Amino acid sequence: MALARPPRALTTSRRARRAGLGVGVAIAGGLALNAQLNDIAAGQSLGMYVIAVPVTALFLTAFFVTVADRSFWAGLQSAVWTVVTACLLGFAVYLVEAFRYWRAGVHPIDGDGIYGATGTQLQEAIGWMLAAVPLIALPFAVFGAALGTLSSGPRAAVTGVVPTSESN
């Protein structure tokens with residue numbers, strides 16, 4: 001059972017794990033909902049959602065977890081949990097929806113016409129959900145965690161411990 005446990009570096013903050021898993025599921029669920037609500041015949045696509053929502057969600061998750069835990073590493077842990085969850089679940093959602101878009105003759109990312117073999121959906125799902133989203137969104141998560149450390153202020157002010165200076 002040792003293979004089923006995550007690495008120790010990802011389990012030091014319970015808040016980061018829970019926030020990351022929750023936000024990752026929400027991103028994938030939102031992708032499914034967005035795909036179902038889009039009017040495929042009108043050429044509405046998933047492109048803006050696939051790019052904008054993970055970037056925003058990772059930035060905010062890393063920022064708020066960093067502020068709550070007063071730990072840059074907790075913010076990064078939440079980003080890793082979010083990316084893994086959102087990308088794996090989003091991959092499954094994107095693959096299913098890409099076939100639905102293909103049957104309608106519409107490209108899922110840009111809404112243009114698409115004609116060709118059905119195998120391209122798997123390549124696109126891998127390319128977008130397992131490569132592009134993590135590469136684009138993770139730098140924003142690091143930036144969010146870094147900003148979270150700035151907003152939390154010095155640790156002494158939060159804990160109420162006032163540093164004393166010894167004078168001779």
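Guide: Helices here are DSSP runs of H or I with at least four residues, strands are runs of E with at least two, and both are numbered from the N terminus. By that reading, Q121 lies in helix 4. This is a predicted model in which local features need pLDDT of at least 70 and side-chain atom pairs count only at pLDDT 80 or more, whereas totals for chains, interfaces and linings use all residues. Residues are numbered from 1 along each chain as its sequence is written, and side-chain values use heavy atoms, leaving out hydrogens and water.

The protein chain contains five helices and zero strands, so that its elements, read from the N terminus, follow the order α-α-α-α-α. Of its 168 residues, 38% count as buried (under 20% relative accessible area, with exposed over 50% and partly exposed in between, for a 1.4 Å probe and protein chains only). Among contacts (heavy atoms within 4.5 Å) with a separation of 6 or more, residues 24 or more positions apart account for 75%.

The buried residues of helix 1 are A16, G20, G24, I27, A28, G30, L31, N34 and A35. These buried residues pack against helix 2 (47–69), helix 3 and helix 4 (120–151).

V23 also belongs to helix 1, but at 21% relative accessibility V23 counts as partly exposed. Leaving aside residues up to four places away in sequence, V23 touches A57, T61 and T82. From V23 to W81 the C-alpha distance is 8.9 Å, although the two are 58 residues apart in sequence.

Two packed helices are described by the angle between their axes and the distance between the axes. Axes are lines fitted to C-alpha atoms, for helices over the stretch in contact, with angles from 0 to 180 degrees between N-to-C directions; under 35 degrees is roughly parallel, over 145 roughly antiparallel, 65 to 115 roughly perpendicular and the rest oblique.

Helix 3 in turn meets helix 4: their axes come within 8 Å and cross at roughly 155 degrees. That makes helix 3 roughly antiparallel to helix 4. This crossing is right-handed, and the contact divides into 26 nonpolar residues, four polar and one charged. Q121 of helix 4 is buried at 4% relative accessibility. Not counting residues up to four places away in sequence, Q121 touches L95, A98, F99 and W102.

The loop between helix 2 and helix 3 holds R70, whose phi is near 50 degrees, a positive value in a residue other than glycine. At 33% relative accessibility, R70 counts as partly exposed.

Technical notes: Left-handed = near helix turned anticlockwise from the far one by under 90°. Nonpolar A, V, L, I, M, F, W, Y, C, P; charged D, E, K, R; others polar.
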